[in-house]
Amino acid sequence: MMVHALKRCIAILAAAFSLLSLQSAAFAQSFVEADFDAAIPTLTDVIGHKPGERITNPEETVEYLEALAKAAPNRVRMVEYATSWQGRPLNYVVLTAPENMARIDAVQADMANIAAGRPSNGDALPVTWLAYSVHGNEIASTDAAIMMAYHLLAATDDSRVQQIMSETIVVLDPIQNPDGRARFVNHFRDALGLTAIGDRQAAEHDETWPSGRVNHYMFDLNRDWFTLSQPETRGKVAALRAWNPVVVADIHEMGGDETYFFAPAADPVNPNITPEQLNLYEVIGRNNARNFDTIGEPYFTREIFDLFYPGYGDTWNAHQGAIGMTYEQGSARGLVWDRRDGTVLPYAATVRNHFVASLSTAEAVAMNADRFLRDYANYRRANANGVAGSGSYVIDLSSRRWNAEGLGRRLAAQGIEVVRRDGPVTVCGRSYPQGYIAVPQAQPAGKLVRSLLDKDTELPREFILEQEKRRSQDLAHELYDVTSWSVGLMSGVTVNLCNREVGGQPMTGEEEIAAVGDHSGAYAVAVPWTDSGQARLVTLALREGIDARATDEAFTKDGRTFPRGTVLFPVATNTPDKMARLRELADQVGAHTVGISDSWVEDGPNLGSSSFVRLTPPKVAIAWDEGVSQLSAGSLRFVVEQRLGLPVVPIRTKRFGRADLTDYDVVLVPNGSPRSALGAAGIRNLRSFVARGGVLVAIGNSLGAFASGDDPLLAVQREAALGLSANDDSGDAGSLTRATEITSEEDYHERIADQEALPDTLPGALLNTIADTEHFLSAGYDDGAVVLASGSLVYTPLDRSNGSNVMRFAAPETLIESGYVWDENRRQLSFKPYMMAQGTGRGLTIGFAHDPSTRAYLDGLDLLIANAVLIAPSRVR
């Protein structure tokens, strides 16, 4: 114990001396020795603490940057580009030399020329975009951004600064997630005592649920780049499009025991990233290495963080032609962190490292300004000239129209050229009876177009062979994220590739979705159950007290077939004002409605049939807090509230044991491990809730809390890995096991394998499912659905005497729609349930083996969620 205490004291002293060395006269203002202009206010002057001495909160950050902009208006421009869910401003700061700032609009306009694939007129300068704190608890980066701004303005004798400011434009985005950062800083300051504590078990390092990593709706904003579901992302993408940077560094933190990571990235690299781009990653990486060597700071490259999934800030920007990079600093997660190797990591050191990396990156661009600008221009021009392809992706507007319209707008909002044509037309031998949305391949963002709209983005063969080899040696694979993200498949729309460019009216991404059909009818107005917009219209109408009926069987009226799930709003049970309000809502949503003149149908059920059920707006609760994934809880609540339009009441998991659920119709339990947090009383309460007529919707791992015991709500079991089973009976040898002979290395690996191991983790792929078309929960999916499956969850099918496998995975030969799947996962997942339902008492339990709301990018599954949340309560009632 004395030896350990002595080592601890030495480590603390070493950290103290490190801080003292940083807190020289220069450190009081920046992390680099220089002479500083006294006219530029320091952080101490404005906020009251030195760099790295305290964690600066969002309001303090804005206040300080405003002070810098006021002190040097000829070199600083501060722009508010978005507002967070909680009303906090998001700003970026433009920094450059006075002569550049004087013509900054011309610089920006010429960068737009270059980005469009047109020749430069000579006004352009390369733009270096440095983005910080997309995860709110990755704290040092924002303070580094503050010091970067100060140093570029105040350092009078730093030749690097002079070159950066004269040769380039630097844009700092200091807080990409202000709500998350505010949550972390408030938590940390509440827990702080007499002195900062480095013990990782201390309250200041033990964030409460949800952590500061996520935004208000608990999204990981670094996975939202092409989904654009969050206001922070939409504003950021629009801001980047306005400047067209040649370099984008997204600056993060990782576990406190790590050092520092910068590019080049790890394998795999997305095939749409060019060799010329990879060469420039090397240029920046080498300059970073030189600067880190100067301060004696260790780092690593080409590990962990890859460039494959285009939903990240690095890869998405790389697909636009920039050099998009992730930087990662081992995090103090407070003011000091005790590392496992016995050293102590002070917050000031993490701020310094991010500052040095930021300055080094801007320096690399400035030293090679012509090359970065030239390569960016060549990239955009080559794409415009067809290097990525010369055809067009054609999105059919007769298939999930509202989702297709939304997808077209999301693509246009990313700077992708999108055109639209209404009315019946034939293109490349295919008929589009309601028109199409088309995306040409030959455009400046052509590589991004390919990555998002191709059915598959292939992993490099050498990488796959290496991963299969690792798995054969019982080593973990190195896939970091999903292997498929084809946006057409995720939206559930039909995308065809035409071998020529097709025409239409350009889309800006700002257009409202127009309503279609007939909003009036003498007998009723029908809302076919076909897409997300239809579900949103029904939800909003129910919330306003407009009477509606839904059918679980298709019917034919006046020669037109209305699909299962269609909702009727009868004129007889609604006042004229309510029917007028229904028309207004349909226009606002952009929904599809059909007027019904009378009650007679040629086929299928009439309105008086038991196939029709009266809908009422359900009251929905969600399990919230410890025991459920913040990401799953956030995305599920977001989809139900923001896309479907239905309010959700969060109830803390620990309260369920005593919660009065009498007034609720639906309880959502997101993915997680809620059994302990709910407790035995909470699970009993939820069982009683279902038995009394409630609908319980459980996601992913949370199914396990309700699939056990003598009377499970879902009579399914989780499967172990394919081919593994319980050990053989050891016979009569008492405590001795039967002797066996190991005859090969393969036999050896099989013998030492965990016989209760779970299937290998599936990185994430888009898979086909088959619907039980007799069940109302599959309405809208007669032809099945494409779903995302990841992780190791596989459940046994429900016995038909217990319930229904509403959506099951397809057969092995047709299972994979897009992405890479280990062969044993492919075989084991086939025919297993994706969505299941089982009645208990008067209620219903619905289980999703994989989360249909993940990252909010599977809008093609919105109707499945609506069936569970909006329709099921009325059905069970």
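So, helix α7: its buried residues pack against β2, α4 (98–101), α6, β4 (169–173) and α12. By buried I mean under 20% relative accessible area, with exposed over 50% and partly exposed in between, using a 1.4 Å probe and protein chains only. The packing counts as contact when heavy atoms are within 4.5 Å. Helices here are DSSP runs of H or I with at least four residues, strands are E runs of at least two, and both are numbered from the N terminus.

Quick caveat: this is a predicted model, local features need pLDDT of at least 70, side-chain atom pairs count only at pLDDT 80 or more, and totals for chains, interfaces and linings use all residues. Residues are numbered from 1 along each chain as its sequence is written, and side-chain values use heavy atoms, with hydrogens and water left out.

Back to α7, residues 159–167. Which residues of α7 are buried? They're V161, I164 and M165. Those residues cover an arc of only 90° around the axis, so they sit on the same side of α7; that arc is taken from the directions from the helix axis to the C-beta atoms. At the start of α7, a side-chain oxygen of D158 comes to within 3.0 Å of the backbone nitrogen of R160.

Next up, α8, residues 178–191. This helix has 14 residues and reaches 20 Å from first C-alpha to last, close to the 20 Å expected at 1.5 Å a residue. That expected span is 1.5 Å times one less than the number of residues. The buried residues of α8 include R181, F184 and H187, and the buried set packs against α3 (58–71), β2 (89–95), α6 (140–154), α9 (231–243) and α12 (347–367).

Now the cysteines. How many disulfides does a search of the whole structure find? One, taking a disulfide as a pair of cysteine sulfur atoms within 2.5 Å. That bond joins C428 to C498, S to S 1.8 Å. The pair links distant parts of the chain, 70 residues apart: C428 is in the loop between β14 (425–427) and β15 (430–432), and C498 is in strand β17 (residues 495–498). The torsion about the S-S bond of C428 and C498 is about 45°, so the disulfide is right-handed. C428 is partly exposed, at 36% relative accessible area, while C498 is buried, at 3%.

Last stop, R637, which lies in helix α20 (residues 630–643). Is R637 buried or exposed? Buried, because its relative accessibility is 18%. Leaving aside neighbours within four places in sequence, R637 contacts Y217, I622, W624, Q642, V648 and P650.

Definitions and conventions: A polar contact is a pair of N or O atoms within 3.5 Å; within protein, one must be able to donate a hydrogen and the other to accept it, and residues adjacent in sequence count only if both atoms are side-chain atoms.
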